[in-house]
Structures are given as C-alpha cells and as structure tokens.
Amino acid sequence: MGFEAPLALLALAAAGLPVLAHLLRRQDLPRRKLPTVALLRRAEASSKRRVRLVDLLLLIVRVLLVAMAALAIAGPFFRVALAYGDGSVASVAIVVDDSMSMGRGDPSLLARALERAEAIVESLPAGSEVAVVLAGDAPRVRVSRTDDRDAAARALEDVRGGARGTDLAGALERAERELAGARHADRRVVVLSDFAAHGAPSELGVPSGLSVRFEPVDQDPPTTNAAVVEARATPDPTTPGLASVAVQIAASPDLDGQRLEVVLRRGGEELARDAVELSSGGAHTTLHAPIDASDPGATVAIRTEDLDPADALPADDERGVLLRPPAGARVLLVDGDPHPVRGQDEARFLARAIDLAPADGGALSRRTVDPDTFAAMDLSEAEVIVLANVPALSRRVARRLREHVERGGGLWVTPGSHFDARAMEARLGALLPARPAPAVADEVSGPVPVPDGELFGAGVSGLESATTRRRIALERPDTDARVELAFGDGSPALVIGRRGDGRVALLATTVDDDWTDLPYRPGFLPMTVALLRELAPRTSTPDTALSPGTPVTLRPPAGAVRLRVVPPHGEPLELGPDALEDDVTVEDTAAAGVYRVQVATREQALHPEPRMAFLVAPPAEESDLSSGDIPEGAASEGGGTESAAVVERPIAPWLFLLVGLLAVTEAALRLRATHLGRSARPSSP
C-alpha cells in the first residue's frame with residue numbers, strides 16, 4: 001500500500017479539533033426549581049442521557065470525517081499482481097477447449113481452464129470487453145462480446161465438459177468474428193487448451209490485427225489411456241434375432257500386455273462379456289447379444305481399474321451401440337380382385353413374396369384388404385400402399401392418398417382387368433410418375449431391369465425369361481422419374497417418381513399371372529422386396545455413430561401425433577402434432593450415447609420406435625492423448641502463463657464516498673442534538 005501525497009497525512013492532526021470543541025462546550029443542564037419536581041427530575045435525567053449519547057456519536061462522526069478526508073487527499077493505493085494483461089482497457093476473446101480430452105486429470109483440465117478464464121475476466125479493468133468461445137466441435141459462442149464482466153464470469157460457471165471433438169481453428173475464426181466490431185484498438189485472444197496432438201494445433205494461424213496467446217492449462221497432463229473407439233452391431237446371419245457386435249479398443253503403448261474385460265450391457269442387464277489382451281496399441285473382439293425389438297440401446301464398456309499406469313480419461317471407457325433389427329416397412333395390400341377361394345386373388349403372389357422377404361434387410365409386414373375396406377380406413381398405420389388392380393377411386397380416397405404420399409408414404413399402382421387407366425389418371429394424375437394408357441394385348445419379353453437402373457441392377461436375376469401378354473402403356477414419364485424396368489421393345493415397364501416427401505411406382509402389368517408370367521420368375525421376390533423398401537418412408541436413422549453436437553433430422557411416421565426423444569442424460573424432448581407436420585430436427589446432441597425415440601399415432605399410444613433411435617459417440621481421435629506442439633503466436637513463447645503485471649489500484653474514490661456519507665450523517669446528528677437541547681430546556685413558571 002502507498003500514498004500519492006503522503007504529506008497530506010499531516011492533516012490527520014485536525015481530527016483532534018472536534019474533541020477539543022466537544023470538551024469546551026460540555027456543561028450540564030441548568031437547575032431550576034419547579035412545582036412538579038419529581039416529574040421534572042425524571043424528564044431531566046432522560047434528556048441528559050439522550051443528549052450525551054447523540055453528542056458522543058456526533059463527536060465520533062466528526063473525528064472520522066476529518067480523518068477520512070485527510071486520508072483521501074493523501075491519495076492511498078494498493079498494488080495488485082494481475083492474472084492477465086497490463087491493466088489497460090482492451091477487447092479480449094477467451095477460447096476454452098471443452099473437448100473430451102480436456103476431461104482428464106483431477107481436477108480436470110477443463111476445470112483448470114475455466115478457473116484461468118475467470119481469473120482473466122477478473123483482471124480486466126472496467127470498460128473492457130470480453131467474449132468467450134468454446135472450442136469443442138462445433139465451436140460455439142458462449143458469451144458474445146460484452147462489457148459486463150460479471151455476466152461473463154457467471155456464464156463460465158455453467159460450462160460443462162462433454163464428448164465433443166476439437167476444433168481450435170474454427171474457434172479462432174469465431175473469436176476473430178467476435179472481435180471484428182470491438183470498441184477498443186487493443187484486441188486480444190487467449191486460447192486455453194491441452195493442445196493434444198489430435199487437435200493439430202501446429203496448423204493454427206494467428207488472425208491479423210489480433211494479439212493471440214496460446215496457454216496450455218497443464219504442462220504435463222496424464223496421457224495413458226484405454227478407450228472403446230468403435231462398436232458396430234450387425235445382424236448375425238447364422239442366428240435370427242442375434243446381433244454380432246465388433247468392438248475396437250485403442251490403448252497407449254505403455255499398456256501393451258495388460259488384460260481388459262469388455263462387457264456389453266443393456267440397462268442393468270449384462271448381455272455378453274469377454275477378456276482381451278492389449279497389444280500394439282489396442283485390441284478387438286466380437287460379442288453376441290439378442291436383439292430387443294423395443295429397446296435398441298446398449299453399451300460396450302471396458303474395466304480399467306486395474307491398469308498400471310492408471311487410465312487418464314474415464315469418459316471414453318464406454319460407447320453406445322444400436323442393437324436393432326434392420327428397418328422394414330408396413331405394407332397395405334389393396335386387392336382389387338378378391339376371390340372367395342384362398343390363393344386365387346389378385347394379391348396372392350405379392351403377399352407370398354412379402355411373407356418370404358429376408359429379414360436381413362428389414363422385416364416387411366403386411367395387411368390385405370378389399371377396396372371397400374380401404375375406402376373407410378385410416379391410412380396412418382400404412383407406410384407403403386399397393387393398389388393391385390383397384391377400380392376407380394373416389395375423390396375423398398384420392399385426396400387421402402395424395403396426403404399419404406406427400407407426407408413421406410409410398411404408393412405402388414398395378415393394373416388388371418378392373419383397372420381403368422383414364423379414371424385413375426383423372427383421380428391420381430398429378431401423383432402418378434407417368435400417364436397410364438388403356439391396356440393392349442401384345443406379347444413381349446420382360447419386364448427386365450434397365451442397364452443403368454438405380455434400384456435393381458445385377459441383384460435381380462431370373463427376370464430375363466419373363467414374358468408379358470398384356471400391358472398398359474406408360475406415356476410421358478416425368479423428367480425426374482426413373483425407369484427401372486423395361487420390356488423387350490424398350491418401352492417402360494416400371495416408373496418411379498417422387499411426390500412431396502414420398503415415392504410412387506407405376507407398373508405396366510399385373511402382379512398376378514393374368515397378364516404375365518413374372519410371378520413365376522426367380523427374380524419376382526427380390527424385385528418385390530427391393531421395390532417396397534425403396535418406397536418405404538425414410539424414417540430410419542443410420543446405425544453409424546454421429547459426432548456430438550451434430551443436428552439430427554427425424555421424419556415422423558405417417559399419422560404421428562406425439563414424439564418423444566429420450567437422451568442418454570437429461571430431460572426428454574416432447575413434440576406435439578403441430579411440430580410433427582414437417583421433419584423434426586434435434587439440436588441438442590452433445591451427450592454421448594443412444595437417443596431413444598417414442599412415437600404416438602392416432603391409432604396407437606406412445607411406443608418405442610427403434611428405427612428412429614440414433615447414436616452419438618465421441619471421435620476416436622479424442623482418445624489419443626499424446627501431446628502436441630504449442631502453436632506459434634503472439635506472447636505464446638514458453639507455453640506458460642505470462643509474467644504477472646503489477647498495477648496500482650486507488651482507494652481514494654472509495655474514501656471520498658465515505659467522507660460524503662459521514663458528512664450526511666454528521667448533519668443528521670447535529671439536527672438531532674439541536675432538537676434534544678431545545679426539548680430539555682423547561683419553560684419558566
């Protein structure tokens with residue numbers, strides 16, 4: 001502590017003046033004889049006590065007033081060593097690496113980085129601007145540029161680690177944008193990170209016009225680590241209902257030769273277990289577990305308690321995996337020529353093909369109805385509708401079909417003896433990918449896959465020997481429609497087009513044996529299954545893991561009125577009918593694990609929808625904790641904290657404020673003393 005004008009302290013001697021004045025004016029109240037002596041004595045004693053108390057307080061306040069004024073004039077100050085900067089006003093952006101590798105250590109590297117960031121904020125003088133950018137992939141602005149340092153400090157307290165990757169380069173760009181409109185010419189960036197090798201910090205560039213400082217939060221962080229870097233499930237081809245989970249483990253070289261237990265769990269139930277020996281920086285194994293159609297989420301975990309050296313990063317000791325059957329589709333067969341004798345109706349071959357569809361590409365389920373039943377049905381439970389030789393539709397049914405397709409459903413139209421091409425075009429013309437013409441008898445080879453088709457290719461065999469005796473012409477296919485099957489004369493046999501979010505297929509011949517021998521060909525079953533899966537809504541999410549923070553788009557199934565996304569941790573996301581009119585985007589995917597999805601429709605209560613579940617997992621490179629080089633940048637030499645600057649913080653402003661308060665208090669006490677003096681003076685008899 002020091003004083004700018006120490007000689008002004010001589011004025012402290014003036015603090016004795018109020019004491020001297022108090023002693024000179026001190027005297028008792030005058031004595032007078034009055035008739036009511038007893039009452040007067042009691043009042044006189046009470047007045048004396050009040051006057052003496054107020055006088056004493058007035059004396060103390062006056063002494064303090066003079067002393068504080070003398071101290072304030074002397075200009076006292078104290079010296080403070082700053083955690084950052086030189087005490088000058090500046091605009092500062094703090095980049096905090098919140099990637100998964102920052103979770104190692106006790107306390108964690110992230111906790112140390114946040115503590116350092118708070119110290120930087122507190123070191124900035126009044127008027128400075130501060131912004132905070134989080135460098136986990138994708139970078140986010142935690143605090144936009146502001147001069148409210150208290151708000152910035154509070155925002156830092158709420159930062160939590162996660163499973164994100166590292167994007168220091170992107171974070172630097174965000175910091176540069178935050179400082180683009182800064183008020184102060186002195187613009188600085190401080191980067192707080194572990195600078196692990198996987199973050200490629202050596203490639204970071206220093207933005208022009210900015211002073212950039214790279215600070216490692218720990219000069220020697222722990223680097224020994226074992227992690228589950230991949231877990232992928234596939235249906236076991238030898239055992240229906242069983243999944244094989246391939247597990248890949250990465251480990252530091254100093255752990256070679258040690259053994260790890262690998263456990264597969266669903267909830268609290270252990271599904272499989274194995275032990276592996278670490279070699280050449282890792283290990284792999286395959287676990288087998290039953291598929292639960294209602295709960296696709298499972299976790300692969302390794303036990304690292306016995307490792308020596310100790311495992312540095314517990315966050316990557318487990319990884320989610322999706323154990324679910326392949327996506328299928330719910331098919332509604334509308335049989336336009338039902339027959340009382342089973343096995344002689346229009347849809348018999350198609351129904352048999354669906355029942356025999358292999359499950360490895362997604363199970364297909366079906367329901368067969370006649371046109372009258374179909375006209376009264378709610379279509380929300382159907383994903384693909386097949387109109388097989390169906391007569392002309394009413395306007396109401398045609399409108400519902402259009403809504404079904406535009407919302408993502410599939411439609412397959414096939415002709416027959418009851419099919420009226422002109423009436424069908426009149427009702428569904430805008431929906432069909434080509435214009436159907438009346439049927440003609442004309443024997444021709446095919447249909448067969450076209451050479452450049454996208455759907456069948458070489459996977460469908462046996463259709464080459466098919467012969468068609470009767471067909472409808474598919475005229476003027478849409479420019480964006482795909483011809484997947486053709487007859488021997490080159491005319492289209494199967495055209496697929498997109499309408500809204502759905503797809504429509506139009507076949508030129510029947511799916512029974514009235515017009516063609518196609519159902520007897522070996523390729524009929526794979527052709528049918530491939531087409532139905534192509535027309536099915538794209539409600540399934542990929543089995544591969546998504547990076548944390550990646551927005552996920554979900555397409556609600558037809559007829560959905562409620563959707564719930566259950567994250568690995570935290571509160572579920574609830575969505576109602578209004579939000580389900582379009583695709584749903586889930587933004588908050590920072591937590592690693594399986595996100596389960598539940599759906600309710602008009603016909604069914606809230607139930608699990610395994611096809612819509614998705615998996616979030618950290619990037620494998622985050623488990624590589626080997627140290628990288630500190631980037632070259634302004635004030636980054638040595639890679640440590642800069643030398644602490646010492647600044648003088650004046651106390652005089654606070655003392656002058658105290659002098660003002662004491663002056664107000666003195667005036668109030670003086671008025672009080674005057675009032676008490678008058679009231680203590682009795683009137684003459």
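Modeller: Five residues, E261, E270, R273, R303 and E305, are joined in a network of salt bridges, where a salt bridge is a side-chain nitrogen of Lys or Arg within 4 Å of a carboxyl oxygen of Asp or Glu. This is a predicted model, in which local features need pLDDT of at least 70 and side-chain atom pairs count only at pLDDT 80 or more, while totals for chains, interfaces and linings use all residues. Residues are numbered from 1 along each chain as its sequence is written, and side-chain values use heavy atoms, with hydrogens and water left out.

E305 is exposed, at 60% relative accessible area, and R303 is partly exposed, at 43%; here buried means under 20%, exposed over 50%, and partly exposed in between, with a 1.4 Å probe and protein chains only.

The search of the whole structure finds 37 salt bridges. One of them joins R104 to D194, with the closest N and O atoms 2.8 Å apart. This pair links distant parts of the chain, 90 residues apart: R104 is in the loop between strand 3 (91-96) and helix 3, and D194 in the loop between strand 6 (187-193) and strand 7 (211-216). Helices (H or I, at least four residues) and strands (E, at least two) are DSSP runs numbered from the N terminus. Both R104 and D194 are buried.

A further salt bridge runs between D442 and R471, whose closest N and O atoms are 2.7 Å apart. It too links distant parts of the chain, with D442 in strand 19 (residues 435-445) and R471 in strand 21 (residues 467-475), 29 residues apart. D442 counts as partly exposed at 34% relative accessibility, whereas R471, at 8%, counts as buried.

To complete the picture, the largest pocket is lined by 39 residues, with A163, H569, A591, A592 and G593 nearest its centre. A pocket is an open set of points on a 1 Å grid over the protein atoms alone, where a 1.4 Å probe fits and protein lies on both sides within 12 Å along at least five of seven lines, and lining residues have an atom within 4 Å of a point. Among the elements that give two or more residues to this lining are helix 3 (109-123), strand 10 (259-266) and strand 13 (297-303), and strand 13 gives the most, with four residues.
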